[in-house]
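Colleague: I have a few minutes to look at this one. Can you put it up and take me through the fold?

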Amino acid sequence: MNQISQTLDDLVSRFSAAVSAASDERELDAARVAFLGRSGEITVIRRGIGALPSAERPTAGKIINDVVATMEEQLIREAQRIQLRAFDAELATSIDVTFPAPASRLGTLHPIRTMTSTICTYFERLGFAVVLGPEIEPDYYTFDALNIPADHPAREGFDSFFITDSLLLRPHTSPMQIRTMEQHQPPIAILAPGTCYRRDAVDARHLFQFHQVEGLLVAEGIHMGHLKGVLTGLCRELFGPQQNVRFRPSFFPFTEPSAEVDTTCPKCKGETTTCNMCGGSGWIELGGAGMVHPNVLREMKYDTDVVSGWAFGFGIERLALTRYEIDDIRRFYENDPDFSRQLR
Ligand SMILES: [Zn+2]
């Protein structure tokens, strides 16, 4: 009996060392099979009970059963230890859903949108109404009513994207002048921003789709001085308090007299001849303007002896290029959020 106890003590300590050294379930199971399996060491000892005197057999059987119970308890503890360690390892390599998320990157308004709303705000302060209209227009609103009859050579520069024989993507926002004057009697003061389409080849200064803003003021006694004052105020709003405006004689079918509008180069203020923004001229071209042609007012049944008006049309991209000192118009449409963020 003493010999069995000694053998068991030795066996238990070897079993204990083996299972506590097991690093995974496979090693743990190998230890279980070696000691407790069908041909395991305990089984061999248990079979030896039959050789003992019959009086000793029950005691020996009980001792062996107690040892087996202790070993099985240790197996359960070691199995839990191995499972816990596997769980910890998995946790270390997986995503911690309780970890605070990084701050999200807020978007910004597109620079064209910012520029448009700045212009709208300025004109709304002056009492102008902002009007929006369709991007597909009949040729009557696009050309005929604006003193560009079918055989007029000026029409060719605009007739870009016809959808039917008489419907086209608007090449300017001027149809909104006609739509407004059809509906209302003077005084009229509107601003019409929106998308326009022309068949320009795309390069650093041109796009086939762009944004324009037009202003129209029709009332009694309106003259070019009012136009120059309003546009000077706009340029000072957009580019700084030192801005001035100059008119250069030009031609548009829908205005008479007509002018190209320039503003002081906001980069060099006309003080250097090597400025890359204005080419050293000191002036930046903004767009066209002039007094509304009497033919246009008469088409609207307005009395041209009583009312007069002016109109202007500027490209919003061009204003944004100047304001943000950007050298390529295509940058506005590359969908680069870092670009827009810089221009807030
Ligand atoms: Zn300059």
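Colleague: Before that, what kind of model is it, and how are residues numbered?

Modeller: It is a predicted model, where local features need pLDDT of at least 70, side-chain atom pairs count only at pLDDT 80 or more, and totals for chains, interfaces and linings use all residues. Residues are numbered from 1 along each chain as its sequence is written.

Colleague: Which domains are assigned?

Modeller: Domain 1 covers 2-93 and domain 2 covers 111-342; such bounds come from an automatic or database domain assignment. The centres of the two domains, taken over C-alpha atoms, are 92 Å apart.

Colleague: What about the radius of gyration?

Modeller: The protein has 44 Å, whereas a compact globule of 344 residues would have a value near 20 Å. The radius is taken over C-alpha atoms, and the globule rule is 2.2 Å times the number of residues to the power 0.38. Along the principal axes, the C-alpha atoms fill a box of roughly 140 × 50 × 35 Å.

Colleague: How many helices and strands?

Modeller: There are 11 helices and nine strands. They are DSSP runs numbered from the N terminus, helices being H or I with at least four residues and strands E with at least two.

Colleague: What is the strand order in the open sheet?

Modeller: The order is 1-4-5-9-8-7-6, seven strands with mixed pairing. Two strands count as paired if DSSP finds at least two bridges between them.

Colleague: Which strands stand at the edges?

Modeller: Strand 1 (129-130) and strand 6 do; each has a single partner strand, so one side of each is left without a neighbour in the sheet. Strand 1 runs parallel to strand 4 (residues 188-197), joined by two bridges, and Val130 has Leu191 as its bridge partner there.

Colleague: And the strand 6 end?

Modeller: Strand 6 (residues 245-252) pairs antiparallel with strand 7 (residues 255-264) over seven bridges. They form a hairpin with two residues between them. Phe252 stands opposite Thr255, and Phe247 is bridged to Val261. Strand 7 is also antiparallel to strand 8 (residues 283-292), through eight bridges, with Asp262 partnered by Glu285.

Colleague: Which helix lies across strand 5, strand 8 and strand 9?

Modeller: Helix 10 (residues 316-324), at about 60 degrees to strand 9 (307-315). Axes are lines fitted to C-alpha atoms, for helices over the stretch in contact, and angles run from 0 to 180 degrees between N-to-C directions. Contact means C-beta atoms, placed from the backbone, within 7 Å.

Colleague: Now the nonpolar cores. Which residues have the most contacts inside the largest?

Modeller: Leu231 and Ala289, in a core of 48 residues. A core is a set of buried Ala, Val, Leu, Ile, Met, Phe, Trp, Tyr and Cys residues joined through C-beta atoms within 7 Å. Buried means 20 or more other C-beta atoms within 10 Å of the residue's own, exposed 12 or fewer, and partly exposed in between, with C-beta atoms placed from the backbone. Helix 8 (residues 224-239) gives the most to this core, five residues.

Colleague: What does Leu231 touch?

Modeller: Val245, Val261, Ala289 and Phe312, leaving out residues up to four places away in sequence. Apart from this core lies another of nine residues, among them Val19, Leu28, Val67 and Met71.

Methods:
Contact = placed C-beta atoms within 7 Å.
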